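Welcome to this guided tour. Please open the structure in your viewer and keep the selection tool at hand.

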Amino acid sequence: MALGKIKADTLEHSTAGSLDTQFVVNGSAKAWAAFDMSGTAHIDEGLNTSSLTDNSTGDSTIAFSSSMNTATYCITISGDYDTGATMDNGIYLPSNTNRSSNNLRTRCVSYNGGANDNPQAYWCIMGDLA
């Protein structure tokens with residue numbers, strides 16, 4: 001059985017109109033992760049993610065299943081850990097040196113600046129796959 005291809009410049013919905021396929025290709029997330037850095041660090045759900053490495057307290061690296069074209073992709077990143085009265089943690093990228101086309105390294109700190117394993121961390125990447 002031969003494998004076929006579908007080629008289209010436009011996607012059309014029966015009632016919602018049409019959309020250029022280039023918008024779908026360029027405007028879709030190429031990788032995302034919802035992960036837990038507490039206890040045994042793990043990825044809860046994700047797209048284009050293969051593994052999580054727990055580097056140290058509040059420091060983790062998630063590898064991509066398929067590499068990005070470059071390390072200059074766009075990232076949206078968030079963390080949430082409410083222990084009652086205040087939002088306790090924030091998650092961030094330590095520097096551009098911790099971003100590569102094969103993985104993304106993040107760190108989490110508490111409101112007082114100390115490293116903290118966040119049980120609710122998230123990121124989403126827009127860009128081109130290699």
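**Stop one: the aromatic rings**

Start by selecting Phe 64 and Tyr 73: both of these residues are buried (under 20% relative accessible area; exposed means over 50% and partly exposed in between, with a 1.4 Å probe and protein chains only). This is a predicted model, in which local features need pLDDT of at least 70, side-chain atom pairs count only at pLDDT 80 or more, and totals for chains, interfaces and linings use all residues. Residues are numbered from 1 along each chain as its sequence is written, and side-chain values use heavy atoms, with hydrogens and water left out.

Now look at the two rings. The centres of Phe 64 and Tyr 73 are 6.0 Å apart and the planes stand at 75°, so this pair is edge-to-face. For rings of Phe, Tyr and Trp (its six-membered ring), a pair needs centres within 6.5 Å; planes under 30 degrees apart are stacked, over 60 edge-to-face, and the rest tilted.

Phe 64 sits in strand E6 (residues 59–64) and Trp 123 in strand E10 (residues 121–126), so their pair ties together parts 59 residues apart in sequence. Helices (H or I, at least four residues) and strands (E, at least two) are DSSP runs, numbered from the N terminus. Trp 123 is buried, as is Phe 64. Ring pairs join Phe 64, Tyr 73 and Trp 123 into a cluster.

**Stop two: the charged side chains**

Which side chain meets Arg 105 in a salt bridge? Select Asp 59 to see this partner, at 2.5 Å from N to O. A salt bridge is a side-chain nitrogen of Lys or Arg within 4 Å of a carboxyl oxygen of Asp or Glu. Arg 105 belongs to strand E9 (residues 103–110) and Asp 59 to strand E6, so the pair ties together parts 46 residues apart in sequence.

Then select Arg 107, whose side chain meets Asp 59 in a salt bridge (3.0 Å, N to O). Salt bridges with shared partners join Asp 59, Arg 105 and Arg 107 into one network. Asp 59 is buried at 4% relative accessible area, while Arg 107 is partly exposed at 27%.

**Last stop: the whole chain**

Zoom out and colour by secondary structure: the protein chain has 1 helix and 10 strands. From the N terminus, the order is β-β-α-β-β-β-β-β-β-β-β. Of its 130 residues, 27% count as buried.
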